[in-house]
Amino acid sequence: MSVRIDGVILLDKPAGMSSQGAVTAVKRAFNADKAGHTGTLDPMATGLLPICLGEATKYSQDLLDADKTYIAQVRFGSRTDTGDAEGLVIEELPLPTFADEASLMAALNSLLPQFTGAISQTPPMYSALKRDGKPLYEYARAGVELERTPRNISIHSIRWTAINWPEATLEVSCSKGTYIRVLAEDIGNALACGAHLVGLRRTEVGHLTLEQSFDLESIRSGLQNHSSYILPVDALLQTLPHLTVDEQQAKRLEMGQRVPLNIPSIEALVRIYRATAASHNFIGTADWRSGVLHPKRLISTAH
């Protein structure tokens with residue numbers, strides 16, 4: 001029988017596993033009754049996958065909207081139908097020649113300004129975006145190419161961290177909705193020799209980092225001490241300002257009632273804590289507008 005567990009697991013997802021497969025594995029390891037992730041990683045990719053258990057699933061959208069950071073390995077000179085190493089090579093192109101390593105580095109660095117800041121990106125056919133209720137990858141597998149509308153994304157920072165020509169490694173910090181496969185392809189096109197992704201590792205999701213994560217085997221073998229793997233529900237919301245309310249105000253919020261509260265200027269969305277001696281007293285989020293707290297998403301304390 002499954003049990004209620006509320007909190008966040010930071011998983012270092014292994015290669016070859018889907019994001020949903022990772023959620024299922026963690027849910028089974030903890031025997032949890034409810035679990036979900038905060039944005040998919042391709043099966044080929046590894047790295048940080050925050051998994052929400054129980055009441056934490058209410059706040060997964062907050063991380064779906066968060067910025068991400070990746071380490072990406074790009075191979076130049078060939079294109080694949082998927083944009084990564086899992087696809088079939090559809091074109092081989094001659095590599096440019098460089099006089100020395102310095103000129104190679106200069107050429108690669110000269111590409112990056114056009115991929116920095118606000119840019120437009122066309123989603124790939126091999127993606128989970130849906131058209132008429134069917135994911136694009138199903139059309140792609142059937143040999144059907146559909147027109148896709150370019151989307152505006154933001155690349156906050158991008159730099160080469162290693163070069164072993166014809167491969168090079170990028171570190172990219174970007175907004176939600178960015179396809180690193182497409183970024184690799186577009187950089188290859190800019191160099192006129194094509195490229196595809198051969199490795200991808202996610203190192204940051206919002207304020208959460210890979211250094212805080214655990215691999216699946218560690219989680220499976222160390223379940224005698226659940227607490228060492230589980231972050232509290234509000235770990236997803238640490239960038240929001242916090243507010244403490246008294247017992248009466250907390251009860252009103254939990255009943256869905258608004259609470260008048262005169263406080264100094266604060267951001268609209270805040271995380272709310274109950275003023276008690278309990279070690280963990282997070283009760284949810286609320287919007288503060290014109291001196292009134294409006295409950296938004298509150299956790300359930302009923303078991």
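User: What volume does the largest pocket have?
Analyst: This is a predicted model: local features need pLDDT of at least 70, side-chain atom pairs count only at pLDDT 80 or more, and totals for chains, interfaces and linings use all residues. Residues are numbered from 1 along each chain as its sequence is written, while side-chain values use heavy atoms, without hydrogens and water. A pocket is an open set of points on a 1 Å grid over the protein atoms alone where a 1.4 Å probe fits, with protein on both sides within 12 Å along at least five of seven lines. Its volume, the space filled by probe spheres set on points joined across faces, edges and corners, is about 1200 Å³.

User: Which lining residues are closest to the centre of the largest pocket?
Analyst: The lining (residues with an atom within 4 Å of a point) holds 39 residues. The closest to the centre are Thr40, Leu41, Asp42, Ala128 and Tyr179.

User: Which element gives the largest share of that lining?
Analyst: Helices (H or I, at least four residues) and strands (E, at least two) are DSSP runs, numbered from the N terminus. The largest share, three residues, comes from β12.

User: Is Leu200 buried or exposed?
Analyst: Leu200 lies in strand β12, residues 195–205. Its relative accessible area is 11%. Under 20% counts as buried, over 50% as exposed and in between as partly exposed, with a 1.4 Å probe and protein chains only. Leu200 is therefore buried.

User: Which element gives the most to the lining of the second largest pocket?
Analyst: The second largest pocket has a volume of about 330 Å³. Its lining has 20 residues, and among the closest to its centre is Glu185. With four residues, the element that gives the most is α5.
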